[in-house]
Amino acid sequence: MSENTDDKLPIRMLHDRVLVRTDSPEGERRSGGGILIPATAAVGRRLAWAEVVAVGQNVRTVETGDRVLYDPEDRAEVEVRGVAYVLMRERDLHAVAADRFEGSKGTTGLYL
């Protein structure tokens, strides 16, 4: 998010809460080979990626702008200024992908 006050969210996260914006809307998606998979297709438990937009003061491992892996089944949705976000605890995140983790050559940038 930019530093412009118009772009900032009008909320402050508390404790160990993390607010994320999902990467893609639920529904149809495409496979790596370009095949369209309908929203009604039954798939196993699938984790999703999202971008962190706000963190509480007790959050230690993620920062605003990080990409995180989470379970879409365990989520609480909230709408702020017409945009849907997902609210969760830091402990409910499965992985973090951020540029700051790239300390040595050949790393993926994932913190699992």
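**View 1. Strands β1 and β4 lie side by side in the antiparallel sense.** In this predicted model, β1 (residues 17-22) and β4 (residues 48-55) are joined over 5 bridges. Strands here are DSSP runs of E with at least two residues, numbered from the N terminus, and two of them pair if DSSP finds at least two bridges between them. Look for Val18, whose bridge partner in β4 is Val55. Residue numbers start from 1 along each chain as its sequence is written. Local features need pLDDT of at least 70, side-chain atom pairs count only at pLDDT 80 or more, totals for chains, interfaces and linings use all residues, and side-chain values use heavy atoms, with hydrogens and water left out.

**View 2. β4 also pairs with β5.** Strand β5 (residues 67-70) meets β4 in the antiparallel sense, over 4 bridges. Here you can find Trp49 opposite Leu69 of β5.

**View 3. Asp71 sits in the loop between β5 and β6 (76-80).** Asp71 counts as buried because its relative accessibility is 3%; the cut-offs are under 20% relative accessible area for buried, over 50% for exposed and partly exposed in between (1.4 Å probe, protein chains only). A polar atom of the Asp71 side chain lies 3.0 Å from the backbone nitrogen of Glu73.

**View 4. The largest nonpolar core has 12 residues.** A nonpolar core is a set of buried Ala, Val, Leu, Ile, Met, Phe, Trp, Tyr and Cys residues joined through side-chain atoms within 4.5 Å. The members are Val18, Val20, Ala50, Val52, Val59, Val62, Val68, Tyr70, Val86, Met88, Leu93 and Val96. Two or more residues come from each of β1, β4, β5, β7 (83-89) and β8 (93-97). A second, separate core has 6 residues, including Leu19, Val53, Ala54 and Val80. In soluble globular proteins, nonpolar side chains tend to be buried together.

**View 5. Val18 and its neighbours.** Leaving aside residues up to four places away in sequence, Val18 touches Met13, Val52, Ala54, Val55, Val59, Val62, Val86, Leu87, Met88, Glu90 and Leu93. Contact means heavy atoms within 4.5 Å.

**View 6. Stepping back, the protein chain has 9 strands and 0 helices.** Of its 112 residues, 25% count as buried. Among contacts between residues at least 6 apart in sequence, 61% join residues at least 24 apart.

How values were computed:
Polar contact = N/O pair within 3.5 Å; in protein donor to acceptor, adjacent residues only side chain to side chain.
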